[in-house]
Amino acid sequence: MAYEITGKCNGCGKCEFTCSMDAIRRSWGSYRIDPDLCDSCGACTSVCPVRAIRPD
Ligand code: SF4
Ligand code: SF4
């Protein structure tokens, strides 16, 4: 299992720097999580102001 970023993402970028696995990357003005790198620690969910990150 990995986490995913939904369409609610506003592109603020806060989550990118919380990920110790470097799994969150900017993509076309939004962000996405690489499921092969994400270890499902959940750290990114606590910094997202719009709750756009959820378990996939
Ligand atoms: S759940 Fe953890 S490993 Fe996965 S993207 Fe979020 S911070 Fe990175
Ligand atoms: S913290 Fe939330 S709103 Fe900001 S870039 Fe990450 S997923 Fe998008």
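I started at Tyr-3 and listed its contacts, leaving out residues up to four places away in sequence: Ile-33, Cys-38, Ser-40, Cys-44, Thr-45, Ile-53, Arg-54, Pro-55 and Asp-56. Contact here means that two C-beta atoms, placed from the backbone, lie within 7 Å.

A note on the source before going on: this is a predicted model, where local features need pLDDT of at least 70, side-chain atom pairs count only at pLDDT 80 or more, and totals for chains, interfaces and linings use all residues. Residues are numbered from 1 along each chain as its sequence is written, while chains are lettered from A and ligands numbered from 1 in the order in which they are written.

**Core.** Next I looked up the largest nonpolar core and found Tyr-3 there again, among 12 residues that include Cys-15, Cys-19, Ile-33, Cys-38, Cys-44, Cys-48 and Ile-53. Such a core is a set of buried Ala, Val, Leu, Ile, Met, Phe, Trp, Tyr and Cys residues joined through C-beta atoms within 7 Å. Buried means 20 or more other C-beta atoms within 10 Å of the residue's own, exposed means 12 or fewer, and partly exposed is in between. Of the 56 residues, 21% count as buried.

**Ligands.** Which residues come nearest to ligand 1? I noted Cys-19, Cys-38, Cys-41, Ala-43 and Cys-44, out of 14 around it. For ligand 2, also with 14 residues around it, I wrote down Cys-9, Cys-12, Lys-14, Cys-15 and Cys-48. To be near, a residue needs its C-beta atom, placed from the backbone, within 6 Å. The ligand 1 shell divides into 10 nonpolar, 3 polar and 1 charged, and the ligand 2 shell has 10 nonpolar, 3 polar and 1 charged.

**Strands.** I counted 0 helices and 4 strands; strands are DSSP runs (E) of at least two residues, helices (H or I) of at least four. β2 runs antiparallel to β3 (residues 30-33), joined by 4 bridges; pairing takes at least two DSSP bridges. Arg-25 has Arg-32 in β3 as its bridge partner. The two strands form a hairpin with 2 residues between them, and Trp-28 in the turn has a positive phi of about 55°.

**Phe-17.** Is this residue buried or exposed? Phe-17 is exposed, because 11 other C-beta atoms lie within 10 Å. I found Phe-17 in the loop between β1 (3-5) and β2 (24-27). Its C-alpha atom is 9.9 Å from that of Val-47, 30 residues apart along the chain.

**Overall.** Last, I checked the dimensions: the C-alpha trace spans about 25 × 20 × 20 Å along its principal axes.

Methods:
Ala, Val, Leu, Ile, Met, Phe, Trp, Tyr, Cys and Pro count as nonpolar, Asp, Glu, Lys and Arg as charged, and the others, Gly among them, as polar.
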